Amino acid sequence: MKTMKTAIYPGSFDPITFGHLDIIRRAADIFDKVVVCVMINSEKKTMFTIEERMDLISRVIGDFPNVEVDTWNGLLAEYAMNYQDAVIIKGLRAISDFESEFQMAIINKKINPYLETLFLSASEQYTYLSSSAVKEMAKYGADLSEFVPEEIIDDVIRKSQMRR
Ligand code: PNS
């Protein structure tokens, strides 16, 4: 039987939330290795730079020995060619996520026919959570402790104040 060793978890992670961490934790239980890859979504303007987002992720994945952080500013399907037996992991929160995720999975497969995309359904308590919602709440000084890890709350608040 063939096993899939590496899961690539791509995203903007602007910033990483408990929803992302839940997907990372579950993928880390299934796969030998999880690579969290900070990428460019050309449709989004981000609050944090790539380096800052990688730093925030590195600070909150300390408990996972088989999780790494990386970045790539090209196509995801090309990045995946760096790994043997890698699959893409995505979290799905709602039907509204499905359309664009399904489209991306097909495009990625067209570029790299060996590349599979697997979806993990978001845990119920995080179905509402998104990085955009976190940024919006930070702007108005809301308590972020339910949404992002303690270690990065100050960074999110500081950055959102700088931008007001
Ligand atoms: O967290 P996001 O913003 O939903 O993640 C989207 C992301 C960054 C994974 C997606 O935009 C992406 O894969 N960007 C890299 C360029 C690419 O390969 N695009 C897919 C073909 S349409």
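What radius of gyration would a compact globule with 164 residues have, and what does the chain have? The globule would be near 15 Å and the chain has 16 Å, which agrees; the radius is taken over C-alpha atoms, and the globule rule is 2.2 Å times the number of residues to the power 0.38.

Before I go on, this is a predicted model, in which local features need pLDDT of at least 70 and side-chain atom pairs count only at pLDDT 80 or more, while totals for chains, interfaces and linings use all residues. Residues are numbered from 1 along each chain as its sequence is written, and side-chain values use heavy atoms, with hydrogens and water left out.

The chain has six helices and five strands, which are DSSP runs numbered from the N terminus (helices H or I, at least four residues; strands E, at least two).

Turning to salt bridges, each being a side-chain nitrogen of Lys or Arg within 4 Å of a carboxyl oxygen of Asp or Glu, a search of the whole structure finds 12. In one of them, D14 pairs with K135, the closest N and O atoms being 2.8 Å apart. D14 lies in the loop between β1 and α1 and K135 in helix α5, so the pair ties together parts that are 121 residues apart in sequence. Both D14 and K135 are buried, where buried means under 20% relative accessible area, exposed over 50%, and partly exposed in between, with a 1.4 Å probe and protein chains only.

Another bridge joins R93 and D97 at 3.0 Å, N to O; R93, at 35% relative accessibility, counts as partly exposed, whereas D97, at 13%, counts as buried.
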